[in-house]
Amino acid sequence: MNTLIDDTPQQDDLVQLRRQIHAHPELAFQESQTAALVAERLAGWGLEVHAGIGKTGVVGVLRAGQGGRVIGLRADMDALPLTEKNMFAHRSLRPGCMHGCGHDGHTAMLLGAARELSRRPDFDGTVVFVFQPAEEGGNAGARAMIQDGLFERFPCDVFYGMHNWPGLAAGTFSLRSGPVMAGTALWDIRVEGVGGHTATPHKAVDSIVIGAELVQALQSVISRQRDPMQAAVLAITQIHAGDAYNVMPDGAHLCGTVRAFDPATMDQIERDMRRLAQGIPALRGGRGELDFRRGYPAVINEETSARFASEVIAEAFGDQRLVNDMTPTLAGEDFSFYQQVVPASFVFIGNGNTKTAEHDGTHPLHSPYYDFNDALLPDGVRFWSRLVRAYCSRTHPV
């Protein structure tokens with residue numbers, strides 16, 4: 001890799017682009033305006049453009065030299081169903097819709113890399129730029145693009161994604177092999193009892209009491225039935241039952257989420273929850289059923305691709321900018337679907353953890369006060385560009 005390459009992008013152009021996307025957020029599978037902007041920019045830089053993949057996804061292809069290596073890079077484009085509370089000039093113009101997770105920044109960084117590499121195509125291979133819809137809310141835009149033939153049409157040897165991370169120092173990167181984000185599931189338990197008047201409780205089967213027993217019993221799934229070396233969360237987030245003061249309802253509904261890194265741990269949690277959901281109501285004369293719905297698989301970085309990207313970061317930015325002790329997060333990400341098809345790794349870039357004149361880094365992802373840190377844009381572009389040049393080098397080993 002040529003470390004003397006001046007691949008510093010134009011900061012002002014990137015900021016303007018990122019803030020334009022931020023002001024016009026679009027929800028999952030509705031990213032038509034964002035997709036059109038992406039396609040227009042890619043075409044203007046001479047890339048081969050393919051739109052409408054996975055409904056609103058866009059793919060740009062850039063070839064240089066005669067090399068056969070193909071690297072895929074992904075950015076997500078969708079926003080959140082969230083009302084923004086920021087008052088800066090580039091705040092959302094769409095009520096109830098906000099870029100509260102930084103996908104505007106991810107899209108801008110990958111577009112910046114496409115521009116940089118198209119202007120100086122000094123590599124030997126092919127880059128597949130994937131602009132994905134619908135990462136948020138369990139909509140699985142990654143799976144939609146794959147099912148729509150993404151890798152059949154654009155086979156990749158290796159694949160990368162990147163996400164900003166509040167709390168991680170601005171301009172640093174975190175990358176490791178193995179699990180980095182959790183697999184997710186949503187669940188519902190519906191309890192059927194026998195309704196009745198509170199004056200005659202002996203004639204009823206109290207679904208609320210059964211629900212309360214389930215709340216207590218479900219805690220043991222994590223605390224006593226799971227290997228303590230395998231991190232997992234079982235959260236009960238809603239309980240619904242009854243609508244009167246003096247009537248025992250004939251049913252109760254509990255729901256929540258499960259998160260785990262290890263697929264076998266997720267399987268065990270589901271089995272234990274199903275046993276409790278059926279057994280405890282039956283013991284009290286009622287019935288219970290569990291509806292357990294798998295969401296995104298765990299994001300598990302492939303070792304070779306993770307090591308390669310780490311070397312690129314160290315060479316491009318210095319060892320001090322690579323943070324390897326970031327704790328894996330129990331948040332979920334549909335990048336995991338790509339990892340089931342092709343060797344792939346997911347990189348974190350620090351969004352900052354302090355308040356400055358230009359950026360308040362104290363707000364977490366999905367906060368109505370969150371904003372992507374524009375100071376990261378050049379570093380993101382430089383990382384993507386260096387990664388491509390290193391991977392698609394005639395001499396660099398893979």
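# Note on a predicted model with two open sheets

1. Leu234 stands opposite Val258 in strand 12. This pair of residues is the starting point of the note, which concerns a predicted model. Strand 12 (residues 251–260) is joined to strand 10 by eight bridges, and the two strands run antiparallel.

2. With strand 12 it pairs in the antiparallel sense over ten bridges, and Asp188 stands opposite Cys255 in strand 12. With strand 13, strand 8 again pairs in the antiparallel sense, over eight bridges; here Val191 stands opposite Gly288 in strand 13. Is strand 8 largely enclosed or largely open? Seven of its ten residues are buried, so strand 8 is largely enclosed by the rest of the structure. When reading such a strand, a student may recall a general rule. In a regular strand the side chains alternate between the two faces of the sheet.

3. The other sheet to consider is also open, and eight strands form it in the order 1-2-4-3-5-16-6-15, with mixed pairing. Its edge strands are strand 1 (48–53) and strand 15 (322–323), each of which pairs on one side only. Strand 1 and strand 2 (residues 57–64) pair in the antiparallel sense over five bridges. Ile53 stands opposite Gly57 in strand 2.

4. Helix 2 lies across strand 1, strand 2 and strand 4, and it runs at about 15° to strand 2. Helix 2 (residues 32–44) also has a helical partner: its axis and that of helix 1 (residues 11–23) come within 10 Å and cross at roughly 155°. Because of that crossing angle, helix 1 is roughly antiparallel to helix 2; the cut-off for this description is an angle over 145 degrees. Which residues of helix 1 and helix 2 meet? Leu17, Gln20 and Ile21 in helix 1 meet Thr34, Leu37 and Arg41 in helix 2. By class, this contact of helix 1 with helix 2 has three nonpolar, two polar and one charged residues.

5. Helix 10 is mostly covered, since 15 of its 15 residues are buried.

6. Ala140 is not a glycine, although its phi is positive, about 55°. Ala140 lies in the loop between strand 4 (125–132) and helix 4 (141–147). Its relative accessibility is 2%, and therefore Ala140 counts as buried, the cut-off being under 20%. His366 has a phi near 70°, likewise a positive value in a residue other than glycine. The loop that holds His366 is between strand 16 (344–352) and helix 10. With a relative accessible area of 40%, His366 is partly exposed.

7. The chain as a whole may be described last. It has ten helices and 16 strands. Taken along the principal axes, its C-alpha atoms fill a box of roughly 80 × 45 × 40 Å. The chain has 398 residues, of which 56% count as buried. How far apart in sequence are the residues in contact? Among contacts between residues at least 6 apart in sequence, 81% join residues at least 24 apart.

Key: Residues are numbered from 1 along each chain as its sequence is written. Side-chain values use heavy atoms; hydrogens and water are left out. Axes are lines fitted to C-alpha atoms, for helices over the stretch in contact, and angles run from 0 to 180 degrees between N-to-C directions. Helices (H or I, at least four residues) and strands (E, at least two) are DSSP runs, numbered from the N terminus. Angles under 35 degrees count as roughly parallel, over 145 as roughly antiparallel, 65 to 115 as roughly perpendicular and the rest as oblique. Contact means heavy atoms within 4.5 Å. Ala, Val, Leu, Ile, Met, Phe, Trp, Tyr, Cys and Pro count as nonpolar, Asp, Glu, Lys and Arg as charged, and the others, Gly among them, as polar. Buried means under 20% relative accessible area, exposed over 50%, partly exposed in between (1.4 Å probe, protein chains only). Two strands pair if DSSP finds at least two bridges between them.
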